[in-house]
Amino acid sequence: MFDLLGISPQVLMGQLLLGLINGSFYAVLSLGLAVIFGLLNIINFAHGALYMMGAFVAWMLLSYLGVGYWWALILSPLIVGVFGIVLERTMLSRLYKLDHLYGLLLTFGLALIIQGLFRNYYGISGLPYQIPEALSGGQNLGFMFLPNYRAWVVAASAVVCFGTWFMIEKTRLGAYLRAATENPVLVGAFGINVPLMIMLTYGFGVALAGFAGVLAAPIYSVNPNMGADLIIVVFAVVVIGGMGSIMGAILTGYVLGLVEGLTRVFYPEGSAVVIFVIMAIVLLIKPEGLFGKAA
Amino acid sequence: MMQQTTGMPRLHKVIFLVLLAFLIALPFFVYPVFAMKVMCFALFAAAFNLLLGFGGLLSFGHAAYFGGASYVAAHAAKVWGLTPELSVLAGTAAAAVLGLLIGSLAIRRQGIYFAMVTLAFAQMVYFLALQLPFTGGEDGIQSVPRGDLFGLISLQNNMALYFFVLAVTFGGILFLYRVVHSPFGQVLKAIRENEPRAISLGYDVNRYKLTVFVLSATFAGMAGAMKSQVFQLASLTDVHWGMSGEVVLMTLLGGMGTVFGPLAGAAIIVTMQNYLATFGAWVTIIQGVIFVIGVLLFREGIVGVISRWIRRPL
């Protein structure tokens, strides 16, 4: 079959793997956006910048403090999360009563500042980050070569996505969260500290972006612009999936990553725009998004 | 509050006349190319403000029309050898078509989604500008000839070009002013304030939204097309999302929903970029800071605040 299409299975599998990796990042990032949007009604434009920051914090931990990958995987999201909480407390929280568009504008400004600062101090050429020793090398699967680190990225993001979904949909804490999404005033009246919950939710969503950044650091070079273009694609992913459902955000991320990978095999010129084309089609057929609720 | 039907209020008339006199004198005091850049961005911001300030629709992808038109106009002047006015017209028409295509999809979503959809489509236009055969990839279209206006007047001279740019941008801004203060503009404001009510009054809301979107895209395109003639260049910067952000910033800083705010915002931002050009990434940081301060403390914008002080709409 492969010979018929003139495409070797190695190329196909290689691109599918690449698509799955990209899909992992789309999934984790759009999940973070969806979690934040659910409670705060804000689209976090700074998400890409914070993803970049996650990668940079990992790089700094290693270069300045000698802290390795595994600790960075925990510390970097924590640092980014705390940074996010500071942003939420000092700025975002002042906008909840206003039009949601102001949240978008504010976070866009924050993204410019964060990216500009990193560009000032580290340039745009990109910094290398070594793959941790335990994950270097790869497996020969017969039909393709699978680098260990890439397999790890897919597995780690899947675990994080599933864990987040489980927490929100199946635990008591998640039930509070979903209730507060529906009706924050009523939930507050039951004695639950809603502002605290909002703060932690933003911190958590942002920490997810930081986590994705650490995962990305050894694959892509660490550079200040790494989040800027990615986040726009993630926005398209979010529009396609609709932000109504956590599982929807995750699935859409993975599937679109794979679709992009397939496009790279069969029609390479279209790979950069395929997600936007899908977005146009979804807008025509089901404007509220595949998993969205009608507005 | 309503500005009644006797045409332009006197205050606005005075301001426009003073502005025109100022712009006629300006090239004799400052570098004409700089002044032309300000005017192009003023028209761009005014077109954007038509959509955001009066239509209540936040597009985060206006670079697509601005930059798209600049590519088409540059191509028309360089490869097809069209005269400047026809090149600008070709660019503007291209922006209108693009606005119609993207707008008819984007208006299917509201609010935040609308912003994300327009941004995503603009990014698609960016990738097209990077990959299409006629756009020159990373280099863009360079050394676009300035040509002869109507085949008669050479625009090689900066002064001649300046007055062409002045005529087009000023005319465009006056046209946008007319649109805002027309019955059409009143319906737009009604939709912005209360969409369900406008629907129940029998207005075809989506048609109004699409019309204002296309108008806004068209004039954004006119601004971009003019810019490509001034700088003899169409480049990826003009279609990049950073450009979409800049026009939002100009409008926010000057005062969205005011007539003169976007013009002031454009003048301030372009001047700032001009003076801070040597500081590299600091320009981005400062723009980000203005965004943050503007959103947190200064949502009316400069002209909005002045308008409140003198208690007249500006």
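Buried area is the accessible area (1.4 Å probe) that two parts lose on being put together, summed over both. The views below show a predicted model, in which local features need pLDDT of at least 70, side-chain atom pairs count only at pLDDT 80 or more, and totals for chains, interfaces and linings use all residues. Residues are numbered from 1 along each chain as its sequence is written, chains are lettered from A in the order in which they are written, and side-chain values use heavy atoms, with hydrogens and water left out.

**View 1. The interface of chain A with chain B.** About 3800 Å² is buried between the two chains, 81% of it on carbon and sulfur atoms. In chain A, 45 residues are in contact (heavy atoms within 4.5 Å) with 36 residues of chain B.

**View 2. Polar pairing across the interface.** Four residue pairs, both residues at pLDDT 80 or more, are in polar contact between chain A and chain B; such a contact is a pair of N or O atoms within 3.5 Å, where one must be able to donate a hydrogen and the other to accept it, and residues adjacent in sequence count only if both atoms are side-chain atoms.

**View 3. The side of chain A that touches chain B.** Helices (DSSP runs of H or I, at least four residues, numbered from the N terminus) α5 (100-122), α10 (226-241) and α12 (274-285) of chain A each give two or more residues to this side. The most come from α5(A), with 16 residues.
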